[in-house]
Amino acid sequence: MGEQPVRVLACGDVEGRLTALFNRVQTIQKKTGQFDLLLCVGEFFGTTPEAEAEWQQYKTGAKKAPISTYILGAASQETVKNIPSADGCELADNITYLGRRGVFTGVSGLQIAYVSGREALQEPAPAHCFTSKDLSALVAPLTSSSKFRGVDILLTSQWPRGVWHYGNNPEVNTKFCGSGSVASLADKLKPRYHFAALEGAHYERLPYRNHVVLQENAQHVSRFIALATVNNPGKKKYLYAFNIIPMKNMDPSELVKQPQDVTENPYRSSAKDKTDKQRTGLDTEEEPAGQFFFDLSNKRGGGGGPRGGGRKRYSDGEGRGQDQQHRDGPYQGQPKLPRKHPQPTGPCWFCLASPQVEKHLVISIGSHCYLAMAKGGLTPDHMLILPIGHYQSVVELSSEVVVEMEKYKSALKSFYKSKGKRCVLFERNYRSQHLQLQVVPVPLDRCATEDIKEAFMVQAQEQQMELMEIPEHTDLKQIAPPGTPYFYVELDSGEKLYHRIQKHFPLQFGREVLASEAVLNMPTRADWKECKQSREEEEESCKQLRDDFQPYDFALDD
């Protein structure tokens, strides 16, 4: 039943170079066989006398396109004259103008949605522009059906704004690239393939999913492909060949298969991202940053200052270096723009501004995060990455905190690697009020990453917990909305495990797995309370760890 794929060619801006394009198409067809149709996005017509003359040859029938060619309308005022009306029509033998906007369905059942021109920036819209009414007229009839799953192909001339989010970066100036309306259109129509042009660049984005993992039923992935201009001097790709079985003819389980490199949907920012600005609003009384940026060099001994240059921190004690003399200390002088951090409503052991925090355990302080030695750690170099401000979990972090947390992760991986170890990160967002990302090193010769993963899986199964693997390129925020209790593991391979906590959860689960015979083989250290040191021992251990980590501490350079 219609399982024969449709063979399609897609092309970027032709700009009147019809003969060059069709010669290339003929060469391809001689090598690989006949294609069913050619879809052209961007500016099809040229404005030079040569381009005009070339078009006349096809228009009069002196030359004929070697393939059924479908084009979008004008993308500039100069080429509008070549399009006789807003409705689709045949412009020359084998060359069809699709129309201003609409859906073209081939005999095979292949469904192609299209919008011509650029987004209108004024009213009334020029002839080469589309309006929000055009998009509504295209979307409404399609999405009103309960059976609507998406379209096979979407053709637009402009790029969708933000399509690069969560994916690989294009070689264009993203500050000025793309249309928000096209992005919204792509989000609603869920095309399996989306083609665009006008930027003179070739860009194949990683495929992205159209559902929220573990919250919605699996749907097909979308692929966005931007194509360059025909015969461009940089030899960037302007033709894209592919085979596609129409969605309506596909087995649903085949349709929703997810490739290895699939990413999150670039057009759907999480609710958390949308409220970041509110979180840092001025409605909360907050401590000036200087009040908790204390000098970590006090207890280093010797000259009292860190090696290799001054640490750019406020001091709460004696012995500030010469490079800090222009400051008057934390309680008198403040930075020009004191950084705002979310504050707890009550006492918190982990907010750096809090009097309860055990500052002697701190290893490094960044702008948004800090690094501390774990109290009662599994190993002497077991550390915690914590946000300076009060955040309960990773999924609640603002974007700048996430960026710095990733920098600390990377620095720790390099640090442990230099000592012949790999690291395991885990977070328990359950019966805790301040995020603690545990980072535990495991000697490379103890076990492989696969063994650690298996240890977590086996122990979860024994305790009748469902520990799921999060797909690659998936953001934890997409799976666990703020307020969701969960347990999360990140392995050095990039693999991530997730358990949605329903009722009860063993608080020491992460430590128990890593302390087990299969991993570190130190079962007596599973409970941190059994591993506590005296204050003096902690200070000595922390001083040693701080000195060891210093070459990897990017915060020293800030």
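Start by selecting Ser116: leaving aside neighbours within four places in sequence, Ser116 is in contact (heavy atoms within 4.5 Å) with Leu72, Gly73, Tyr97, Gly99, Arg100 and Phe130. The model is predicted, with local features needing pLDDT of at least 70 and side-chain atom pairs counting only at pLDDT 80 or more, while totals for chains, interfaces and linings use all residues. Residues are numbered from 1 along each chain as its sequence is written, and side-chain values use heavy atoms, with hydrogens and water left out.

Stay on Ser116, in the loop between β7 (111–115) and β8 (118–119); helices (H or I, at least four residues) and strands (E, at least two) are DSSP runs, numbered from the N terminus. Ser116 has 6% relative accessibility and counts as buried, a term that means under 20% relative accessible area, with exposed over 50% and partly exposed in between (1.4 Å probe, protein chains only). Show distances from its side chain: one runs to the backbone nitrogen of Gly73 at 2.7 Å, and another to the backbone oxygen of Gly99 at 2.7 Å.

Next, select Ile363, Leu371, Met383, Ile385, Leu412, Leu476 and Tyr486, the residues with the most contacts inside the largest nonpolar core, which has 36 residues. Such a core is a set of buried Ala, Val, Leu, Ile, Met, Phe, Trp, Tyr and Cys residues joined through side-chain atoms within 4.5 Å. Elements giving two or more residues to this core include β17 (369–373), β18 (383–387), α8 (399–418) and α12 (535–549). The largest share, seven residues, comes from α8.

Apart from this core lies another, of 28 residues, with Leu21, Cys40, Ile67 and Ile71 among them. Select Cys40, which is buried at a relative accessible area of 2%. How many disulfides (cysteine sulfur atoms within 2.5 Å) are there? The count comes to zero. For Cys40, the nearest cysteine sulfur is that of Cys11, 4.7 Å away.

Finish with the cavities. On a 1 Å grid over the protein atoms alone, a cavity is a set of points where a 1.4 Å probe fits but cannot get out, and lining residues have an atom within 4 Å of a point. The count comes to two cavities of 30 Å³ or more. To see the largest, select Gly16, Leu18, Phe45, Gly46, Ala51, Glu52, Trp55 and Asn82, which line it. The largest cavity holds about 50 Å³ of space, its volume being the space filled by probe spheres set on points joined across faces, edges and corners. Helix α2 (residues 49–59) gives the most to this lining, with three residues.

Notes. Disulfide = S-S within 2.5 Å. Polar contact = N/O pair within 3.5 Å; in protein donor to acceptor, adjacent residues only side chain to side chain. 1 Å grid on protein atoms, 1.4 Å probe; cavity = no way out; pocket = protein on both sides within 12 Å on 5 of 7 lines; lining within 4 Å.
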